[in-house]
Amino acid sequence: MKQYLMYLRKSRKDRDLELQTGSFDTLQRHRDALLALAKQRGYSIAHIYEEVVSGDSIADRPEMQKLLTAVETGTFEGVLVMEVPRLARGNTKDQGVVAETFQYSGTKIITPEKIYDPADEADEEYFEFGLFMSRREYKAINRRLQRGRMSSLSEGKYIAGTPPYGYRKVKLSHQKGYTLEPAPETADIVCEIFQLYTLGDPQPDGRRKPLGSYAIANLLNARGIPSPGGVQWSATAVRDVLKNPTYAGYIRWAYRPDTKRMVDGKVVISHPVNKDTELRKGVHPPLITEETWSAAKTMMKGRGHAPVPSSKAISNPLAGLLYCSVCGRSMVQLPQGSHGAPMVMCPTARCPTVGSRRDVVEEALLAALAEWLESYKVCARSGASEQENDEEIQEAEKSIDKARKQLNTLNKQKSSLYDLLEQGLYNKDVFLERSRILAARISEVERQIETLRKHLSSLRQAELTRKSVAPSIQNVLDVYATLGTPAEQNTLLKTVLDHVVYFKSQGGAWKESNMKLYLYPKVMPGKLLIT
């Protein structure tokens, strides 16, 4: 549940007016007004800071220092105050500290007349009123520049400084702004990267061998082609090319914006990826088609980008699937054991996991899939699984309804707190303590409802998932033995399996062992245990 703070400060003018009239308490009047506002809007007040001293700087206002420390955490939605000048008082430096603390923490300033959002430019300008005129002029100029940039962006022009790899920046003829045109020396490299990733590398027998980002980087480095940074290619550099929508004819902006936070009184700047970046159609010519761009995005979501040697084809059908239960490393295949059959082993030195013949592991894995499929068919015929799932769904729906009723009761109790405070039954300290307790209970119930909703969604999806996985597993069982290469078998297994955990602590290839496989299917929750 979102929580709020309250700040009250008595100025010299307030004290003088109290002395003249002797009929009211400024802090009490302001507290009552802000509490009424909080009640009306359903705010939960976590703490009330009351400043009874009148200092000209933050250093002379201990409650203001405590408030800013709390705001820095970014955990509070807003601060209630009678008017903005009650916060932003003192010299320009102090005003800047207050403004930046609220701005970088994303904390709103709430007055009876208006809510000031530090992320809103107009509110920020009002809040910073009184700072140096040069700063205001700088911000006005910067706004005009940004409006001009956004206008150019909406027209499909290129507004960034450095052009992406494969393009060069050129001035538009007979109009303002810039665009991109293909760079002859690098545009073909971009096209080749997308081709290798989506279609594969042509082989002597006419087939294409799919390449991942590591393999593409090795191929480009072997040919002596420099990366965008002028050094050797890396898998990350290849993926940056594949993720860039500019090559499909789009323009993106603020993909890694500057994000500022106040930490221990200092401004910390980071550059996280903005997943909500809007794409605009650019006026520059694309290097790849929309179909190629869509194919690359789809493939990147499904690939793990594990390094794949480009010098040889996959010889192990279990490559990238089988993991050691002890150390977690991917199991590797030895070309041939003493008995003449390939072995799968853990590559970690002195790992207690015992290896097995690859064909034995394959046989156990396929047997497990067949066993699950048969079990599913039996349950489907009897209807037991579906009935059990329906009962779980009904139980989850009842739990959600019960939690919602509890949440309504807690919200009514929160509202009644303000009545008890107004009637004098609660003092300020009791009110705040009860408010904090209720806020914690409300947050807990809200989390419980969200957890139940996710559980209900997973239950509803479970039967659909089981129905969809059955044909996929049946296809693996029907086709696996007919495929001609380990690479094809590996691709087929990865359509239904995310990974398999391998356990074996005793027994060898020719002895009865305690080998177990834990299968984690891609298309259904849970795991399968095979002994």
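This is a predicted model: local features need pLDDT of at least 70, side-chain atom pairs count only at pLDDT 80 or more; totals for chains, interfaces and linings use all residues.
Strand 1, spanning residues 3–9, is largely enclosed by the rest of the structure, because 6 of its 7 residues are buried. The protein has 14 helices and 20 strands, and buried residues make up 39% of its 531 residues. Among contacts between residues at least 6 apart in sequence, 62% join residues at least 24 apart.

**Strand 1 and its partners**

- Strand 1 pairs with strand 2 (residues 44–51) in the parallel sense, over 7 bridges.
- Within that pairing, Leu8 stands opposite Glu50 of strand 2.
- Strand 1 is also joined to strand 3 (residues 78–80) by 3 bridges, and these two strands run parallel.
- Here the bridge partner of Met6 is Leu80 in strand 3.
- As background, strands of a sheet pair through backbone hydrogen bonds, either parallel or antiparallel.

**Glu63, a buried glutamate**

- Glu63 sits in helix 3, which covers residues 62–72.
- Is Glu63 buried or exposed? With a relative accessibility of 17%, Glu63 counts as buried, since the cut-off for buried is under 20%.
- Apart from neighbours within four places in sequence, Glu63 is in contact with Tyr7, Tyr49, Glu50 and Glu51.

- Two packed helices are described by the angle between their axes and the distance between the axes.
- Helix 7 (residues 187–198) packs with helix 9 (residues 235–243) at an angle of about 95°, and their axes are 10 Å apart.
- That angle makes helix 7 roughly perpendicular to helix 9.
- On the helix 7 side, the contact is made by Val190, Ile193, Phe194 and Tyr197, while helix 9 supplies Val238, Val241 and Leu242.
- By class, this contact of helix 7 with helix 9 has 7 nonpolar residues, with no polar and no charged ones.
- Helix 8 (residues 213–222) also meets helix 9: their axes come within 8 Å and cross at roughly 105°.
- Helix 8 and helix 9 are therefore roughly perpendicular to each other.
- Ser213, Tyr214, Ile216 and Ala217 of helix 8 make this contact with Ala235, Val238 and Arg239 of helix 9.
- The residues in the contact of helix 8 with helix 9 divide into 5 nonpolar, 1 polar and 1 charged.
- Val238 of helix 9 takes part in the contact with helix 7 and in the contact with helix 8.

- Strand 16 (residues 343–345) pairs with strand 17 in the antiparallel sense over 2 bridges.
- Met343 has Arg357 in strand 17 as its bridge partner.

**The buried side of helix 14**

- In helix 14 (residues 486–493), the buried residues are Gln489, Asn490, Leu492 and Leu493.
- Why are they on the same side of helix 14? They cover an arc of only 160° around the axis, which puts them on the same side of that helix.

Conventions
Residues are numbered from 1 along each chain as its sequence is written. Side-chain values use heavy atoms; hydrogens and water are left out. Two strands pair if DSSP finds at least two bridges between them. Helices (H or I, at least four residues) and strands (E, at least two) are DSSP runs, numbered from the N terminus. Axes are lines fitted to C-alpha atoms, for helices over the stretch in contact, and angles run from 0 to 180 degrees between N-to-C directions. Angles under 35 degrees count as roughly parallel, over 145 as roughly antiparallel, 65 to 115 as roughly perpendicular and the rest as oblique. Contact means heavy atoms within 4.5 Å. Ala, Val, Leu, Ile, Met, Phe, Trp, Tyr, Cys and Pro count as nonpolar, Asp, Glu, Lys and Arg as charged, and the others, Gly among them, as polar. Buried means under 20% relative accessible area, exposed over 50%, partly exposed in between (1.4 Å probe, protein chains only). The arc is that of the directions from the helix axis to the C-beta atoms.
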